[in-house]
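Welcome! Please take a look at the sequence and the structure below, and then we will walk through a few of its parts together.

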Amino acid sequence: MTGWVALLRAVNVGGNNKIPMADLTALATRLGLEQARTYIASGNLIFASELGENVLRAVLEQAIAAEWGKPIGVLVRSAEELADVTARCPWPDRPGNRVVAVFSDAALSLDGVRHQADEVLALGRREIFIDYGGGMADSRLVVPAAKIGTARNMNSVRKLAELAGALA
């Protein structure tokens, strides 16, 4: 049994794609995902399963579309991979709420980055790390590759790795 995290794209952000987390947990349980729970209201589903990443992504995307009538992108990562992302963060000494990992299943690039001020970017394996320096609130940074992914700050990534790791 593996501990997994499903990262839903653009859920409960700015009033878009509202999915109640209790309903998401119930859906996961109906799908046979074990020990399903969510973490904060931004589309983080933690569960245990013997299924693989690609199957889990497809099952969740189809079930979410059927349940809520809209396609929601889902990225699936194991507890081990999230722990590795945390370990590979280029700026472990920076505040975890100012550094994000943008997760994607597509090939990533820093091509086309615009409006970079004091932000610093680094390519990971299946993520782009961004240190927002002074904070995200005033940032005008545009990262084209982020449009196909979903971001979580490093505090959340650490906690998700911990919660999913406890299920393995």
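**Strands and helices at a glance**

Strand 5 (residues 99-103) and strand 8 run antiparallel and are joined by 4 bridges. Strands here are DSSP runs of E with at least two residues, helices are runs of H or I with at least four, and both are numbered from the N terminus. This is a predicted model, in which local features need pLDDT of at least 70, side-chain atom pairs count only at pLDDT 80 or more, and totals for chains, interfaces and linings use all residues. Residues are numbered from 1 along each chain as its sequence is written, and side-chain values use heavy atoms, leaving out hydrogens and water.

**Strand 8**
- Val 100 has Asn 153 of strand 8 as its bridge partner.

- An open sheet is formed by 4 strands in the order 2-3-1-4, with antiparallel pairing (two strands pair if DSSP finds at least two bridges between them).
- Strand 2 (34-38) and strand 4 (74-78) are at the edges with a single partner strand each, so one side of each has no neighbour in the sheet.
- From one strand to the next, the twist averages 20°.
- Strand 2 is joined to strand 3 (residues 44-49) by 3 bridges, and Thr 38 has Leu 45 of strand 3 as its bridge partner.

**Helix 3 and helix 4**
- The axes of helix 3 (residues 79-88) and helix 4 (residues 154-165) come within 8 Å and cross at roughly 145°; axes are lines fitted to C-alpha atoms, for helices over the stretch in contact, and angles run from 0 to 180 degrees between N-to-C directions.
- Their contact (heavy atoms within 4.5 Å) includes Leu 82 of helix 3 and Val 157 of helix 4.
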